[in-house]
Amino acid sequence: MSAANESPTPGPGRGPSGTPEGQAEAEKQAAPAEPVRNQKPGRPESPEKPRPGKAEKTEKAEKAEKPEKSEQTRALILQTAMELFQERGYDKTTMRAIAQEAGVSVGNAYYYFAGKEHLIQGFYDRIAAEHQERVRPILARETDLEARLSGVLQAWLDIAEPYHEFAAQFFKNAADPDSPLSPFSAESEHAREAAIDVHRETLAGASAKVPAELAVILPELMWLSQMGLVLYWVFDRSEGHRRSRRLADRGARLTSRGVALARFRVLRPLVREVHELFTDFLPGMTQAAPAAENSPTADGTSPPDAAAKTERAAKAKGSRRGKR
């Protein structure tokens, strides 16, 4: 028999087990099993928890998207209402027209806003939230009270600028103290408190020393001065409303000087009397008065306690000087 007809003998590098693939497979089978990591001796390996399926993941994603979509719908209705108020006027704009323009059902529009008055409250809240955000870098940068207050007022004018024409049309509704659209009404309390909070922060972070007994009422008076600026701005027809901006700067200067003078005890009763005047005649301020009178100051004391504390410190200081 010829050598060509003989079957080759499998050997290294030849035949199925001689190929590199076959050799690797043989070594793998012969190798001992690797120990399971972090498994304690004598305890079987715990089964892996089943991973959530695609349907479960989709359901969770849809739930997460719902609040975001809801907020987008609410913002769309509010923005549409503001545009229609500007074009047609507040009185001539209906909820049906707002819903139609926004591309939602009338029922959906009423789901987010019970009526046009609630749309205005939504507008107030949006302006207040934007204002709080806009003033942060100003208050973080400035310590001088005049600069802080001027920056706060100028920031408000910047935010309100696109709504100037609407504000002029809308003012006759908001000017009525008994209207829910009034900034002094109970319905406007949320936006009003947010605006007063800005002035509290403005005053608290300033380098000016504020008597403890006035620390509660001064932010409310500062907000009232801002309302005076708003009233002037509504009817300001100067180019770029530059007169309103000048008023904001001069009002900030006057307020900072008034706060500086408040360190003299003889003037403090006058400040309290001005505050009482507004709380007696403005409905929203009347509701806030009891809370303000008992609100704690920055050091945690109530205004009467803080005043007594300040007076005792002044007497002690005078006594030490007399001994010297």
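The model on screen is predicted.

**Whole chain.** Start with everything shown as a cartoon. The protein has 13 helices and 0 strands. Of its 324 residues, 36% are buried. Buried here means under 20% relative accessible area, and exposed means over 50%. Among contacts between residues at least 6 apart in sequence, 68% join residues at least 24 apart. The protein exposes about 21200 Å², and carbon and sulfur atoms supply 54% of that area.

**Helix α3.** Select residues 95-102, which form α3. The buried residues of this helix are M95, A97, I98, A99 and A102.

**Helix α8.** Select T202, which lies in helix α8. Is T202 buried or exposed? T202 counts as buried because its relative accessibility is 0%. Show its neighbours next, leaving out residues up to four places away in sequence: T202 touches L139, L145, R148, L149, V152 and M222.

**Helix α10.** Select residues 242-261, the helix α10. α10 has 20 residues and reaches 29 Å from its first C-alpha to its last, close to the 28 Å expected at 1.5 Å a residue.

Colour the buried residues of α10: S244, A248, A252, T255, S256 and V259. They cover an arc of only 115 degrees around the axis, so they sit on the same side of α10. An α-helix has 3.6 residues a turn, so residues three or four places apart point the same way.

What covers these buried residues of α10? The cover includes α6 (145-160), α8 (189-204) and α9 (218-234). Show those helices together with α10, then turn to the face of α10 that points away from its buried side. That face carries the exposed residues R250, L254 and R257.

L261 is partly exposed because its relative accessible area is 42%, a value between the 20% and 50% cut-offs. The tour ends here.

How values were computed: Residues are numbered from 1 along each chain as its sequence is written. This is a predicted model: local features need pLDDT of at least 70, side-chain atom pairs count only at pLDDT 80 or more; totals for chains, interfaces and linings use all residues. Side-chain values use heavy atoms; hydrogens and water are left out. Helices (H or I, at least four residues) and strands (E, at least two) are DSSP runs, numbered from the N terminus. Buried means under 20% relative accessible area, exposed over 50%, partly exposed in between (1.4 Å probe, protein chains only). The expected span of a helix is 1.5 Å times one less than its number of residues. The arc is that of the directions from the helix axis to the C-beta atoms. Contact means heavy atoms within 4.5 Å. Accessible areas come from the Shrake-Rupley method with a 1.4 Å probe; for residues, only the protein chains shown count as cover.
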